[in-house]
Amino acid sequence: MPTEELMAQETVAPWMAAPPVYDNESNLPDWYQKFREESWKRFVNTADPKRTDENWRFADLKKSKFSELLPAAQVEDEAALIDRSEKSRLTDCAAHYVFANNRLIDSDANGLPEGAICLPFGEAIEKHGDLVREHFMKEDRSLGGDKFAALHGSAALSGLFVYFPKGVVCEKPIQVHHYVGGNQQVIFPHTLVVAEDNAQVSVIDMFETIAEEEQTLVIGVVDLVAKNGANLQYVALQDESDHGARHVQINSTRAGRDARTKSAFINLGASWIRNESINRMLEEGADCQIFSANLANGVQEYDQRTLQTHEAQHTTSDLLFKNALYDEARTIFSGLIQVQPGAHHTDSFQTCRNMLGSDKAEANAMPGLEIDADQVKCSHGSTSGQISDEEIFYLQARGIPAEQARQMISLGFLNESISRLGGEELKEFLFRRVEKKFANLL
Amino acid sequence: MSDSLKIENLHASVEGNEILKGLTLEIPKGEVHAIMGPNGSGKSTLSKVLAGNEEYDVSEGTVKMDGVDLLDLEVDERSREGFFLAFQYPHEIPGVSNANFLRAALQARLPKGEEIDAVAFYKTMYEKMDALQMDRKFTGRSVNDGFSGGEKKRNEILQMMMLEPKYAVLDETDSGLDIDALKIVAEGVNRMRGPERGFLVITHYQRLLDYIVPDVVHVMVDGQIVKSGGKELAHELEEKGYDWVTEELAVA
Ligand SMILES: Nc1ncnc2c1ncn2[C@@H]1O[C@H](COP(=O)(O)OP(=O)(O)O)[C@@H](O)[C@H]1O
Ligand SMILES: [Mg+2]
């Protein structure tokens with residue numbers, strides 16, 4: 001319909017003239033080509049986020065606008081980035097991948113268990129097209145970021161496909177570094193993790209900028225699929241430059257019968273981030289846990305929207321988001337618990353806690369609940385407060401100077417959600433990263 | 001200058017109400033003194049004023065610790081100078097592990113640039129925990145978070161054992177402890193008794209003083225020390241009750 005398209009062209013500021021595909025040489029299957037084209041159309045026809053949209057309430061919309069975006073160019077000094085990634089590599093990981101501006105520049109998959117498939121996205125589409133197709137970007141619902149998701153769909157060929165067949169278990173995490181650099185450049189990491197029945201897998205994505213002070217953008221989409229009895233953990237650590245970097249990440253989690261998922265967003269850097277997380281408990285016994293630890297300072301804005309949806313009886317979920325805010329930082333948390341008709345005997349919890357370290361910091365919280373079933377245990381709540389004088393006094397009374405006491409308490413506050421994850425080294429690693437940012441705050 | 005914790009004519013108030021009304025007390029190094037007194041007489045207030053809690057206004061009086069003016073120091077400075085308070089109600093610090101907390105407290109006592117020896121630290125901590133019959137899982141747990149009353153009190157004593165203060169005030173450390181735990185804690189305190197340390201044991205009940213036998217017992221009523229004596233005074237108080245002291249005062 002030409003008129004419709006014409007109207008869309010007029011009302012939507014074109015962020016870019018064509019799909020930001022960086023690599024046309026791969027031998028892509030038809031379904032995927034088609035998916036890209038449709039995604040591009042959807043991107044073009046979807047309006048920018050509006051103030052009147054409940055999904056963008058409290059957001060500073062200027063930050064979600066883009067006048068020009070370029071597909072990320074190949075990085076010059078790849079060796080330096082590989083070196084850098086080694087310095088923040090877990091000693092005990094099953095596999096390690098490094099992407100720089102969408103391109104895989106290093107990998108080591110020696111610790112993977114037998115049967116597990118772990119491939120960069122482009123290769124996975126060629127070699128395991130059917131598997132990818134079955135699970136890739138299947139979520140129709142959106143928490144507001146559909147325009148970003150559409151752009152991602154039109155371009156993504158970066159990131160990792162992780163497939164654990166039935167019963168394949170690995171406690172060690174798979175670690176993935178994503179680097180982005182160059183002004184107006186955008187990367188599209190996609191992480192697709194499928195854990196078949198009774199499989200166990202853990203993945204950590206790390207997002208960093210190559211340089212400071214560049215206007216970079218990450219638009220990532222993560223699909224997590226835990227089949228019956230599977231155990232799936234996913235962590236996103238975002239530690240990009242505070243100046244200029246923007247970051248969008250849209251997670252979708254599906255949990256089958258007796259499946260357990262844990263997913264976490266750890267945000268330390270970037271000037272603006274938008275996290276969305278849809279968690280669906282599809283069959284009895286499914287359990288989704290969602291965590292976040294965010295340390296925001298300066299003028300950083302962290303905008304997070306979540307959905308926990310119970311679609312079967314006897315499902316459980318728990319969400320714990322923690323924000324420590326300093327200076328003029330802003331956070332937005334909007335979380336909805338939905339208990340679908342007939343999803344009796346569900347337990348669903350949601351907590352967002354904000355620790356305000358400055359009078360000018362602003363924490364917004366919008367918890368929500370929709371229950372359409374019986375025998376349901378649900379609670380949601382959010383709190384905002386400052387560190388109590390009594391807590392500081394207690395630490396100080398043991399000889400710890402007041403400023404350090406403050407820092408320890410804030411760190412402990414954030415660590416409470418990190419500590420709910422699995423894997424000792426991983427938790428310690430995340431904790432150290434948060435600690436490092438705190439050290440730079442002072 | 002004699003080595004002691006010397007409190008003279010201490011007046012302190014909170015929200016305009018005077019709680020300590022000219023309290024005078026000296027604990028020579030090497031001695032264990034006990035303060036007994038009815039609820040609300042100001043015992044915890046005294047302990048918190050000594051530790052430097054800013055909720056309380058000190059309007060008059062001095063506190064000298066081995067000649068150092070304690071009231072001039074910040075809370076953390078007092079601790080590093082060798083003052084310790086085992087709190088009646090220890091605070092919970094979610095997300096900060098006991099081990100990290102203790103380590104930070106010890107680290108704060110080292111000169112700049114010097115790092116704590118982690119191996120030695122854990123070894124010492126485990127020894128002290130064994131002595132207090134504390135499970136080692138407490139090292140990884142958040143400070144006092146979800147601890148029972150008794151566990152919190154043991155944790156206070158563990159901190160005291162690790163920090164080795166010159167003067168320690170124990171505020172109702174016996175409350176919340178069953179008799180076995182009380183013996184363990186008392187044993188820990190007794191092992192720290194010696195010529196280089198002074199103790200002030202605050203308690204409501206005489207029971208604790210059967211296990212930590214004091215050199216001197218003071219009775220505190222309405223923000224003042226009204227009577228002092230030997231350890232037998234504790235028994236007398238237990239038998240006759242606090243009214244006996246107040247009545248005796250009224251007569252005198
Ligand atoms: N922070 C405070 N705010 C208000 N009143 C207080 C505070 N601390 C103590 N008080 C009051 O001071 C008095 C003495 O309390 P406290 O020192 O706790 O006594 P004790 O430890 O001997 O039972 C009580 O009347 C108590 O209510
Ligand atoms: Mg008291």
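**Rings, a metal site and cores**

User: How do I read a charge over a ring, and what sits over the ring of Phe43(A)?

Analyst: The charged end of Lys147(A) sits there, 4.2 Å from the ring centre. The test is NZ of Lys or CZ of Arg within 6 Å of the ring centre and within 35 degrees of the ring normal. In chain B, Arg136(B) lies over the face of Tyr126(B), at 4.3 Å from the ring centre. This is a predicted model: local features need pLDDT of at least 70, side-chain atom pairs count only at pLDDT 80 or more, and totals for chains, interfaces and linings use all residues. Residues are numbered from 1 along each chain as written, chains are lettered from A and ligands numbered from 1 in written order, and side-chain values use heavy atoms, without hydrogens or water.

User: How many aromatic pairs are there over all chains?

Analyst: A pair of rings is described by the distance of the centres and the angle of the planes. Rings of Phe, Tyr and Trp (its six-membered ring) pair if their centres lie within 6.5 Å; planes under 30 degrees apart are stacked, over 60 edge-to-face, the rest tilted. The whole structure has 20 such pairs. Take Phe148(A) and Trp272(A): their centres are 6.3 Å apart and their planes at 45 degrees, so this pair is tilted. Both belong to one aromatic cluster that includes Trp15(A), Trp40(A) and Phe43(A).

User: Is Phe148(A) buried or exposed?

Analyst: Phe148(A) is buried, at 0% relative accessibility. Buried means under 20% relative accessible area, exposed over 50%, partly exposed in between (1.4 Å probe, protein chains only). Trp272(A) is buried too, at 1%.

User: Which aromatic pair is formed by Tyr394(A)?

Analyst: Tyr394(A) pairs with Phe101(B). The rings are stacked, 5.7 Å centre to centre, with 20 degrees between the planes. Tyr394(A) is buried at 1% relative accessible area. Phe101(B) is buried at 1% as well.

User: What are the protein donors of the magnesium ion?

Analyst: Donors are N, O and S atoms within 2.8 Å of the metal (3.2 Å for Na, K and Ca); water is not among the atoms, so sites may look incomplete. For ligand 2, they are Ser44(B) (OG) and Gln88(B) (OE1), 2.1 to 2.2 Å away. Gln88(B) is buried, with a relative accessible area of 14%.

User: How many residues are in the largest nonpolar core?

Analyst: A core joins buried Ala, Val, Leu, Ile, Met, Phe, Trp, Tyr and Cys residues through side-chain atoms within 4.5 Å. The largest has 116 residues. Those touching the most other members include Ile266(A), Leu430(A), Leu46(B) and Met160(B). Apart from this core lies another, of 45 residues, among them Phe66(A) and Leu192(A).
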